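Thanks for coming. Please have the sequence and the model open while I talk.

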Amino acid sequence: MGLLPELRYPTVAELVSSARALTVQRPGLSVLRQVGSSRAGRPLHLLSVGHARRAVLVVAGAHANEPAGGGTLLVLARRVLAESELRNGTSWHFLLCADPDGASLHRTSPPHSLYDYHLGFFRPQGSEQPEWAPSVLPPGRLPPETRALTGVIDELRPYLQVSLHGTDLGGSWVQLTRDVPGLAEPFAKSAAELHIPVETGASDAAGWPVSGPGVRVMPAPGAGPAYPSLPDDARHSTWYRAHRYGGLTAVVEVPMWAAALVDDPGPHPAPAAALRYLADRLQRDARKVRQVLEEARPGAMTGAGAAGGPLLRAAAWGLELVPGLADDLIHTPPADGTRAYVSSVDAFTRRVPLRAAAMLLRELRETDARAAARLDRLVALWSDAFAVHFRARWVPVQHQVEHQARTVVAAALHARA
């Protein structure tokens with residue numbers, strides 16, 4: 001598979017334009033249609049290639065701050081059109097962007113630094129995320145983006161759904177709702193060839209069964225969560241919708257910046273003490289952001305700010321998670337005792353207050369210069385410390401996309417087998 005010549009992430013408009021061009025080139029084999037609308041009325045588009053009943057569904061843009069998936073989706077669509085063996089008894093379907101409203105609020109061009117990345121940062125609160133909403137909301141309150149996605153799953157009944165995700169800084173890993181034997185080898189080979197670290201102890205998959213380095217299988221429904229305070233549960237997300245039809249979901253994560261510390265499987269000398277330190281830092285950093293928020297927007301942390309804009313809602317939601325998460329880290333035994341896991345938790349606990357500060361900065365920049373200046377200093381300081389500590393190295397967009405695309409194809413072939 002050739003590498004993309006582009007050096008940036010495509011916008012939603014560019015994705016739609018490129019998908020439409022593909023249907024013009026191969027009108028008998030591909031079709032682009034609208035499958036729903038966002039809360040703001042933006043269309044959700046599905047590109048389909050092939051006519052077989054056995055289907056693969058690939059979802060991009062579920063998280064606005066993880067832009068690599070759009071480019072990956074285009075590479076996959078072009079490859080499926082060009083290589084008939086991939087269409088042998090299988091149709092491929094590509095949801096171009098699951099959250100176009102979120103995408104409109106996050107800057108998608110390649111940032112020059114973590115500080116630059118956070119100046120354009122947006123990620124909605126959990127109840128507004130299409131894939132996660134079912135884990136925190138009753139069925140009658142699900143957003144239209146979620147209903148559109150579940151409608152596509154119910155229509156296609158895919159044997160494999162792939163959700164394209166990413167991380168700002170770290171390594172690559174795969175989360176599976178059911179095991180896919182044989183996937184770990186091509187995944188690791190691709191990562192090595194493209195110089196992307198494999199995140200062997202990802203905090204997102206803490207305590208989950210291991211299928212291979214960097215490949216984790218979501219636990220059975222009776223298993224307890226690694227972080228009891230967090231309100232969402234992957235087993236109630238749209239990732240499990242394909243199970244109704246005998247299918248499964250693979251979540252493919254790829255980093256924007258590679259981190260040198262997330263692929264060390266060696267034992268950490270004192271994981272519990274390290275997590276207590278990270279919990280203390282998390283609470284300390286969150287207090288700094290919370291103080292600015294409470295002074296600038298009284299009531300935002302007590303429910304009175306629920307009617308605020310998406311940036312304010314998301315910042316307040318992230319800060320609300322901190323006390324429970326810190327308590328989990330202090331009182332719950334470490335789910336993994338490796339250096340990789342502690343490093344992943346280190347990165348996670350840096351992200352929560354940093355993202356809240358970044359979104360609050362965007363919210364207040366035009367209305368409260370003093371508060372914005374305080375937040376800008378925090379975003380700059382924390383972004384730089386994050387990059388320096390983890391020895392951040394930019395992963396070219398072409399490599400992010402290539403690795404995701406290779407992993408999707410490998411997952412499709414092994415799951416079908």
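This is a predicted model: local features need pLDDT of at least 70, side-chain atom pairs count only at pLDDT 80 or more; totals for chains, interfaces and linings use all residues.

Residues are numbered from 1 along each chain as its sequence is written, and side-chain values use heavy atoms, with hydrogens and water left out.

The pocket, then. On a 1 Å grid over the protein atoms alone, a pocket is an open set of points where a 1.4 Å probe fits, with protein on both sides within 12 Å along at least five of seven lines; lining residues have an atom within 4 Å of a point. The largest pocket has a volume of about 1,200 Å³, volume being the space filled by probe spheres set on the points. Its lining has 50 residues, and W132, D204, L230, D232 and F348 lie nearest the centre. Helix α10 (339–364) is among the elements that supply at least two lining residues each, and it gives the largest share, 7 residues. Helices here are DSSP runs of H or I, at least four residues, and strands are runs of E, at least two.

F348 brings us to the rings. Phe, Tyr and Trp rings (for Trp, the six-membered one) pair if their centres lie within 6.5 Å; planes under 30 degrees apart are stacked, over 60 edge-to-face, the rest tilted. The whole structure has 7 such pairs. In one of them, Y227 and F348 are tilted, 6.4 Å centre to centre with 55 degrees between the planes. Y227 sits in the loop between β8 (215–217) and β9 (248–258) and F348 in α10, so the pair ties together parts 121 residues apart in sequence. Both residues are buried, where buried means under 20% relative accessible area, exposed over 50%, and partly exposed in between, with a 1.4 Å probe and protein chains only. For F386 and F390, the centres are 5.5 Å apart and the planes at 75 degrees, so that pair is edge-to-face.

Last, helix α6, residues 184–193. Which of its residues are buried? They are A184, F187, S190 and A191.
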